Amino acid sequence: MLKSRRNLLAAIVIGLVAGTVALPSFAADKKLTFGFAQVGAESEWRTANTASIKSAAKEAGIDLKFSDAQQKQENQIKAIRSFIAQKVDVIGFAPVVTTGWDTVLKEAKAAKIPVVLTDRSIETKDDSLYVTTIGSDFTEEGRKAGHWLLDNYKGQGDVNIVELQGTVGSAPAIERQKGFLEVIKADPRFKVIRSQTGDFTRAKGKEVMEAFLKAEPNINVLFSHNDDMAIGAIQAIEAAGKKPGKDIIIVSVDGVKGAFEAMMAGKMNVTVECNPLLGAQLMDIVKQVKAGKPLPKRINTKEGIFPMESAAKEFPSRKY
Ligand code: GYE
């Protein structure tokens with residue numbers, strides 16, 4: 001008995017060396033699992049981002065476990081914990097806000113599951129808690145918005161600006177504001193007279209703009225941290241009997257189709273591009289992380305700026 005077992009073992013070893021016996025290949029066949037905690041479905045940008053991630057995962061043969069946090073940090077934390085419990089290979093998330101992630105990321109680290117951030121960044125003293133962040137340079141987007149305004153504003157005298165901020169404490173809201181203010185402070189005529197969050201949604205953008213219009217009879221410019229809020233605000237401006245794009249100049253960020261439609265209708269003046277189509281690059285990174293390849297801590301996406309005059313020409317080739 002013992003002898004025949006030994007013989008069998010010997011036969012397998014010889015077979016393996018000779019290449020005639022194949023090792024069980026489940027290790028190679030096993031699909032890579034990627035748990036992804038999305039912010040929510042708050043904007044056109046986000047819808048395009050989610051679609052890009054889902055289709056890229058399919059194409060890359062990655063088993064995607066997708067969770068929608070409905071813009072709530074506690075839901076994202078729950079999703080990350082469930083990914084840890086499921087022992088996924090890699091965890092990814094677009095952090096709704098910048099702070100408050102250390103505890104859950106330490107849990108992922110203890111479970112030896114690498115974490116990739118996409119779209120939004122976090123603040124932490126321990127940057128060993130994630131491998132890399134892939135996304136846009138939001139400060140630069142704010143600067144582009146500011147430069148466009150300084151270069152293109154035609155009116156005389158003081159320029160009263162109202163600002164619709166994105167989600168409080170989110171990287172794009174903090175950094176777009178920072179970049180914009182940094183640039184417009186070069187000209188003291190330009191003043192932000194009101195600034196409030198519209199949480200990146202159309203409904204809130206409309207509501208907050210209505211309040212701005214009631215409180216301020218003399219608004220010259222709206223700077224909106226995303227297109228959806230700007231589109232909501234356009235409705236409020238029209239309802240107040242004013243002409244968006246003329247009576248109130250509208251400067252926005254994202255570059256989604258809805259913004260191009262508003263620009264072609266003459267109701268929005270400019271949108272700074274923020275590219276949501278991060279899926280393919282993200283899946284590449286997931287594979288590299290799993291293979292243990294070293295990656296830079298920060299990977300930026302490239303983007304442009306589209307004034308109203310370019311909208312009709314650009315519109316047919318827009319992908320989101
Ligand atoms: O600008 C906004 C979305 O984080 C870059 O989130 C993203 C922002 C985007 O809701 O539309």
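**A note on the ligand site**

1. In this model, an oxygen atom of the ligand has a polar side-chain atom of aspartate 119 at 2.8 Å, a polar contact being a pair of N or O atoms within 3.5 Å. Arginine 120 also places a polar side-chain atom 2.8 Å from a ligand oxygen, and for arginine 176 an N or O atom of the side chain is 2.8 Å from an oxygen of the ligand. Alone, the ligand would expose 300 Å², and the protein buries 100% of that (Shrake-Rupley areas, 1.4 Å probe).

2. Please keep in mind that the model is predicted, with local features needing pLDDT of at least 70 and side-chain atom pairs pLDDT 80 or more, while totals for chains, interfaces and linings use all residues. Numbering runs from 1 along each chain as its sequence is written, and side-chain values use heavy atoms, without hydrogens or water.

3. Around the ligand are 13 residues (a heavy atom within 4 Å), of which Glu42, Asp119, Arg120, Asn226 and Asp254 come nearest. By class, the shell holds 6 charged, 5 nonpolar and 2 polar residues, with Gly counted as polar.

4. Both domain 1 (30-135 + 276-301) and domain 2 (138-274) give the shell at least three residues; these bounds come from an automatic or database assignment.

Notes:
A polar contact is a pair of N or O atoms within 3.5 Å; within protein, one must be able to donate a hydrogen and the other to accept it, and residues adjacent in sequence count only if both atoms are side-chain atoms.
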